[in-house]
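Subject: Structure handover

Hello,

Please find the structure below.

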Amino acid sequence: MTGGSLAAALSEIVGARHVRTALPERVTYARDGLPTHRHVPGVVVLPGSRDEVVAVVRLLAALGVPFVPRGAGTGLSGGALADDDAVLLVLTRLNRILAIDPKNRLAVVEPGVVNVRLSAAAAPHGLLYSPDPSSQTACTIGGNVAENSGGPHCLKYGVTANHVLSLEVVLADGRIVQLGSPGGEPWGPDLVGLFVGSEGNFGIATRISVRLLPVPRAIRTLLADFSALRTAGEAVSAVIASGIVPAALEMMDQSCINAVEDSVYAAGYPRDAAAVLLLELDGGREEAVAADAETIAGILRAHGARSVLSAADAKQRERLWQGRKKAFGAMGRLSRDLVVQDAVVPRSALPDVLEAIGRIAAAYGLTVSNVFHAGDGNLHPNISFDGRVPGLKARVDQASGEIMAVCIAAGGTITGEHGIGLDKLRYMPLLFDGDALAAMRAVRRVFDPDERVNPGKVVPVHACREWSGLRIADRGLRIEERGRSLAQSAIDNPQSAIAPRGAR
Amino acid sequence: MTDRGGFEGLDSCVHCGFCLQACPTFLATGDESDSPRGRIELMRALETGELAPADPGVALHLDRCLGCRGCEPVCPSGVRYGRGLEAARALLTEHRGVPPLVRAALGVLTGTGDGSRILYALTRLVRATGIPRRLVGWGRIRFAMGMLAATKPQGGGRRWRAVKGGAPATDASTALHRPPPPSPALLFRGCVMDGLFSHVHDATIRTLQVNGYEVREVPPQVCCGALHAHAGLRDEARRLAGTNIAAFGDDDTPIVVNSAGCGAMLKEYGHLVAVGGRGEAFAARVRDVSELLAERGPRPGAPLDVTVAYDPPCHLMHAQGIAGPPERMLGAIPVLRVITLPDAAQCCGSAGLFTLVEPAMSRAVLAPKLASLAAARPQVVATGNPGCLMQLGAGLAAAGVPAAVRHPVELLDESYRAAGYYA
């Protein structure tokens, strides 16, 4: 079937104005929130209902055409991009909240519902949808399910996987299956848990039942500022060690603070601070939360905080959070191009890893801004650069690889919430051997035997059983040295890093 | 003006997508090509030459942008979307010329010659017959009739007077009111405002007088050029700007404007006419009527017993960043109740000539606003821009929602009249 007749067949299903074939239109879908990756899809289709999704998927199955599901395109790993031999299946029009059930504290939504709109709809019932990725004003619940999205408040309340009760999924061949159940405990294998975070590899969730939580009755939001990154990092561990679980515990460094303070989301963060911690404590009783806040403020001061401010009212709290949540978008103030990394390290390693990142940035002459979920040890180093400068992008990639390797060497992993997508494929062999990668692929084939849904993402295509991989064996080496050597193999020659060792 | 003509305003976009939900056309279609982020991709590709201005796929989605700039105030990186759009539209216009409908509308609406004067006079005659109001509906012509009907001055405010023959409020602020020394302000009349909304000009002059301004006329002024700039006719816009800059002189007397669209454009003169800093000096003098009034309090009037939904024009709120002053104006009217709808900040779909040249998208953008107005049932919808007044007026009438549309300054004027300030 030619591109033209495919478009015609899709138009039959969804109507011609919801099929995009002109180059300029496809170009607007060539990137997601990590714009260093650019892939122009062959056709873009925007179905308007579950039935249209099924019909489109069946058509594509009959034709053997690969496709990529996409929500708002705010993902940060190149996961929602399609090549020109694939169809991009955009779910933004499936944006209905089907039910809010306050008695059972759950909601049923279509995948294109914007995260923050669900909480807004639940608010009159005193409820909220807890996972709150920074992009929550734009990203969709379907995308959150695909990426198992986190967010500041996941420290206490858990990530998306902890809040999805059941799913209606359209598989690659167009069959509809139900995973999980709205009410009871899961029985048998946790298929919902398997699907959440599958990065669009297992099919399309067309109905999503999620848990709603009561809006906390008492909230305290603290802003602590530090004159060194290291002390801020140490304070994080001290807070966690206190036994009090903050709802959120975020860190921003000076470069990030200044970008935010220059923007419309200026929150009053001290510009002269090397880092700030933004903490939230919540609970059912004012006095208890106030007492916890007092304890935490004391710990922060004892660990080097120059000052600890408590948000005076809901308005100030909102400003403090908006500044943090829009920080990523404010990076354009530093330079026109941006890559963001997403690694998780043990909290205790934060001070060392942050300093190592600083040294790598200095060595490559790059600006790195850190804004991240400190309580989870989930780092987001942002590297700002001007892609028009010849050779700079290569240096950025090199530095990114080194940062990632440092995180792995510190006992960390390569993604906390942004997913593998395209961007982190090259790091997968640093973490998993051939057997593990082959096992992941086998699981994927249960859902999608032809690997037609979101092809080429998540699991490196060269994975095979006999691959023995680069294992992190020597834990005695200094993390940076080991990081550098790991980075070399992955970055200098990505093909060799993901090819079987024996083949090199 | 830089040599990149405005495209440089797009450089700081890092593709985060935080603008998507602020875009009325993206909300209407869910299509990235109809979103600010998608359009920035198109504009960047136009600048680099990767996409040609001749490509209909480019024009379609840039034409479908309202230019409401709702994406700008939510952008963390401060992308100057409006500047980029103007540059891109100038490129498109260079290539394909101006569509005949746009050219005709510009000629009729923005002219200063006898032709336009006669046309406006005839239009007012048609309006006075009351026929347009009876023809109102959703088709192109019927909607246009609704728009015309919405411009009709109405004395209906009397029925809102809380006290017959009303007296000024006697709260402390009124008792303490001392007329400030009169200071001069120059009225910007514009084209559509002058042709169809001269009653708003009258209200502007009267209410400013009550608040210590002496409003002066500046005869040789012309249209602000906003509609030309939006249509990609930057040279024509620049020519009009030059005329206005010369007409309003070189001193620092404030230039008062009651049309949000004109105000936004006049404040852009610094960008449009960079030579010798004259544009910038002019732009610095431009003040929306609500800004001038809010600075003086404004003086409280007599009570009006009316429920008003305030709908901020995009070019006031997003383009000029003016949010509080109009509400302070309405706050000077005792008893009057202001209700704020959750989607008030969203565009009504008017957007200058957009409602005429992109009727389908314009109505799609208007629909959710009409639905929430129908649910809230205000007696008056107040908004400070001629296009929005006409769009909302036509939409409300077509949908059968019994609410009147008014410029906020008309309500203050009514309150002052009831208070006897004009006696």
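A residue is called buried if 20 or more other C-beta atoms lie within 10 Å of its own, exposed if 12 or fewer, and partly exposed in between, with C-beta atoms placed from the backbone. Helices (H or I, at least four residues) and strands (E, at least two) are DSSP runs, numbered from the N terminus.

This is a predicted model, in which local features need pLDDT of at least 70 and side-chain atom pairs count only at pLDDT 80 or more, while totals for chains, interfaces and linings use all residues. Residues are numbered from 1 along each chain as its sequence is written, and chains are lettered from A and ligands numbered from 1 in the order in which they are written.

Helix H13 of chain B

The buried residues of H13(B) are Arg234(B), Ala237(B), Leu240(B), Ala241(B) and Asn244(B). Seen down the helix axis, these residues fall within an arc of 125° (taken from the directions from the axis to the C-beta atoms), so they line one face of H13(B). They pack against helices H4 (81–96), H12 (226–230), H15 (269–272) and H16 (278–285) of chain B. After H13(B) comes Gly249(B), with a positive phi near 75°.

Strand S10 of chain A

Strand S10 (residues 204–211) of chain A has 6 of its 8 residues buried, so it is largely enclosed by the rest of the structure. Two strands pair if DSSP finds at least two bridges between them. S10(A) pairs with strand S6 (residues 106–109) of chain A in the antiparallel sense, over 4 bridges; here Leu106(A) is opposite Arg211(A). S10(A) also runs antiparallel to strand S8 (residues 164–170) of chain A, joined by 6 bridges, with Leu167(A) opposite Ile208(A).

Where the chains meet

Two residues are in contact if their C-beta atoms, placed from the backbone, lie within 7 Å. By that rule, 34 residues of chain A touch 26 residues of chain B. On the chain A side, H2(A) gives the most, with 4 residues.

Confidence

The predictor's confidence in each residue is pLDDT, from 0 to 100. Chain A averages 91, and 90% of the residues score at least 70. In chain A, pLDDT stays under 50 over residues 463–479, for which the model has 39 contacts beyond four places in sequence. It also stays under 50 over residues 490–504 of chain A, with 28 such contacts.

Regards
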